[in-house]
Amino acid sequence: MTVTSRSVSVERNRLKFASAHMATFHGECEPLHGHNYQVIVEVDGELTEDSWVWDFGALKKATRDIVDELDHKFLLQMESSLLNIAFAADNYTVAFAGRTYQFPASDVAPLPIDNTTAERLAEYIGKQLMRALQASGTNLISQLRIGVEEMPGQTGWCTLIP
Ligand SMILES: [Zn+2]
């Protein structure tokens, strides 16, 4: 018998953020609205000499540190090819087809993604988390999988390898 992988997962509870966004699709842009997002994290890896993949508490804290930066913010896809985004005098101005919004910088999470879909948010969180876990000195992670649930039963996923 062979064990093919070992993993730990943490999810939901305090791994959540409530944020506003407007995603684009098919050349259109959604109205401004919000979600109570929930995050699911799965880490695959080799066991440490103490037979851990990752400490649950440390994994939750590392994830919370990332999602707390998104909580109660407007999630802005800085690499959008459709939104016209400008920054001046500590305000973001976002324009699309005759609609113009202005947000104080303190209310915005500017993200290096092209759209604020759950899949891209999962990718953003996954990349940040992979960096944070690697910075703590391990090379035992083989895969990280992040789910961002926009609403119950509706989750975007991203899988990353180091
Ligand atoms: Zn939405």
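Start by selecting Gly137: this residue follows helix α2, and its phi is positive, near 100°. Before moving on, note that this is a predicted model, where local features need pLDDT of at least 70, side-chain atom pairs count only at pLDDT 80 or more, and totals for chains, interfaces and linings use all residues. Residues are numbered from 1 along each chain as its sequence is written.

Now step back to α2 itself, residues 118-135. Helices here are DSSP runs of H or I with at least four residues, strands are E runs of at least two, and both are numbered from the N terminus. At 1.5 Å times one less than its number of residues, the 18-residue helix should span 26 Å, and its end C-alpha atoms agree at 25 Å apart.

Colour the buried residues of α2, including Tyr124, Ile125, Leu129 and Leu133; buried means 20 or more other C-beta atoms within 10 Å of a residue's own, with C-beta atoms placed from the backbone. They pack against β4 (33-45), α1 (56-68), β9 (108-111), β10 (141-151) and β11 (154-160).

Next, show the largest nonpolar core, 29 residues: buried Ala, Val, Leu, Ile, Met, Phe, Trp, Tyr and Cys joined through C-beta atoms within 7 Å. Its largest share, seven residues, comes from α2. Val41 is among those with the most contacts inside this core. Click Val41 and, beyond four places in sequence, you'll find contacts (C-beta atoms within 7 Å) with residues including Leu59, Leu129 and Ile146.

Last stop: the open antiparallel sheet β6-β7-β8, where strands pair if DSSP finds at least two bridges between them. β6 and β7 (residues 91-96) share five bridges, and Phe87 stands opposite Tyr92 in β7.

Conventions. A residue is buried if 20 or more other C-beta atoms lie within 10 Å of its own, exposed if 12 or fewer, and partly exposed in between; C-beta atoms are placed from the backbone. Two residues are in contact if their C-beta atoms, placed from the backbone, lie within 7 Å.
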